[in-house]
Structure formats: structure tokens, C-alpha cells
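Please open the model in your viewer, with the sequence panel beside it, and follow the stops below in order. Each stop says what to select and then what is found there.

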Amino acid sequence: MEDNGAEARYKVEEKSTVEAALFAASEPLTAADIADRTGMDISVIRYALKDLRMEYEMRDSAIIISAIDGNYRMQLRAEYQKYSGVFAAPEFPTGVMRTLSTIAYNQPVLQSQIVKVRGPRGYADIATLVDAGYVHSKPKGQSYELTTTKKFSEDFGIGSTRPEDIKEWILRNSKGVVQRKAPQTEAEIPADSGDSETPSE
């Protein structure tokens, strides 16, 4: 009986460890990630992840554990994600957020077009956003084509990576005071403007 009790407590501790890892992580984790950082058996971690996902689903709480291509993370259910930005502190200064929202609203958009709208600071803002993994940049003509990334959609709780869905989300959220979400976009950028810089930044 004593051994059975110890075994039961050990399993609960492992499950709690996996739960803590998901809660503390700033990005999605695989079972292998958790195993590397905790030293736990990967098969036990997979079982714990399955058990935790079921448990959170049955709780009918605002939090769920999502699983996309073997990547796990704690996040709000879709119907509660609109509140995340209201309470979360902004990760970037307002100017950077405005540049991000302008890119997201007009994507795919050329860097030269963003700089025309946002001014020279646009170069630094774009570099910050690329480094953060929120914007993807690729050479196009004499400039760079900018688009938002899957990480952007995941972190901001948009639920889609389609440009039209992101644009609709920005319009919807710009009506309220949302701290983490982009505050406002600049005016929509004409599709034929700007292709006059050399991609050397």
C-alpha cells in the first residue's frame, strides 16, 4: 500500500511539473522540450499532456491547452481572447505597435511603403519586429516585402494567419481600448506606391 501511494504521488508530481512548464513557457513546447528541461521520461510527459488537455477541456474554463503539430501551449479559449490585450502589458513602445499594425493591415506590403507612411523610424521598427518573430521580410524588387508571421497570430490570439482575417481583427479591436493590441493603423497604403529603395538595410 505504501508503494502504491508513493507511485500515485509521483505521477501527480510529474503531471504538475508538466502543467507548470506550460504555464511558465513564453512559447509553445514539445514533449521533447519538456523532457530536455526536466529530465522526465518523454512517454510520461506525453501521457501527462494528454491527461492535462482532457482535464482542462472538462473544466470548461477560460484556459485550454492547445496542440498544433506537436507544440503545446496554455492559452485562452477563442471566446475569451478579446480580453487578453486589455490586461496584458504592451511588449513594444506605441510607435513600434503602430508600425506592426500598419504592416498587418496592409500586408503584403513593401518596406519602402511603410517608411513613407511611418517615416525613417520605420526601419528600426521593422528590424525590431523581425527580430521578435512577428514580421517576415523577403527581398522584392528594390525593397522588401513584409508580412506577419504565425507567431504574431498566435501571440495576439487572432486565430488565423489569413491577411483578410487579420485586417478584420484589427478593425474590430481598434474600436476599443486594447493595450497589447495595435492601437491604430495608419491610412490604408495604396498598392502601387513605393518601390524605390535598395535592399541594403
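Begin by selecting Asp60, which follows helix α3 and has a positive phi, near 55°; helices (DSSP H or I runs of at least four residues) and strands (E runs of at least two) are numbered from the N terminus. Before going further, keep in mind that this is a predicted model, in which local features need pLDDT of at least 70 and side-chain atom pairs count only at pLDDT 80 or more, while totals for chains, interfaces and linings use all residues. Residues are numbered from 1 along each chain as its sequence is written, and side-chain values use heavy atoms, with hydrogens and water left out.

**Helix α3**

Now select residues 42–59, the 18 residues of α3, which reach 25 Å from the first C-alpha to the last, close to the 26 Å expected at 1.5 Å a residue, where the expected span is 1.5 Å times one less than the number of residues. Within α3, colour Ile45, Ala48, Leu49, Leu52 and Tyr56, which are buried, meaning under 20% relative accessible area, whereas exposed means over 50% and partly exposed lies in between, with a 1.4 Å probe and protein chains only.

**Arg77**

Select Arg77 next, in the loop between β2 (71–76) and α4 (84–87). Is Arg77 buried or exposed? Arg77 is buried, with a relative accessible area of 10%. Its side chain makes a polar contact of 3.5 Å with the side chain of Glu57; such a contact is a pair of N or O atoms within 3.5 Å, of which, within protein, one must be able to donate a hydrogen and the other to accept it, and residues adjacent in sequence count only if both atoms are side-chain atoms. A polar atom of the Arg77 side chain also lies 2.4 Å from the backbone oxygen of Ser61. Leaving aside neighbours within four places in sequence, Arg77 is in contact (heavy atoms within 4.5 Å) with Tyr56, Glu57, Asp60, Ser61, Ala62 and Ile64.

**The nonpolar cores**

For the next stop, select Leu100, Ile103, Leu129, Leu146, Phe152 and Phe156, which touch the most other members among the 20 residues of the largest nonpolar core, a core being a set of buried Ala, Val, Leu, Ile, Met, Phe, Trp, Tyr and Cys residues joined through side-chain atoms within 4.5 Å. Helices α5 (94–106), α7 (121–131) and α9 (163–173) each supply at least two residues of this core, and α5 gives the most, with 6 residues. Centre on Leu129, whose contacts beyond four places in sequence are Phe92, Val96, Thr99, Leu100, Ile103, Tyr134 and Val135. A second, separate core of 15 residues includes Leu22, Ile34, Met40 and Ala48.

**Helix α6**

Finally, select residues 111–118, helix α6, in which 6 of the 8 residues are buried: these are Gln111, Ser112, Gln113, Ile114, Val115 and Arg118. The buried residues of α6 pack against α5, β3 (109–110), α7 and β5 (143–148). Just after α6, end the tour at Gly119, which takes a positive phi of about 85°.
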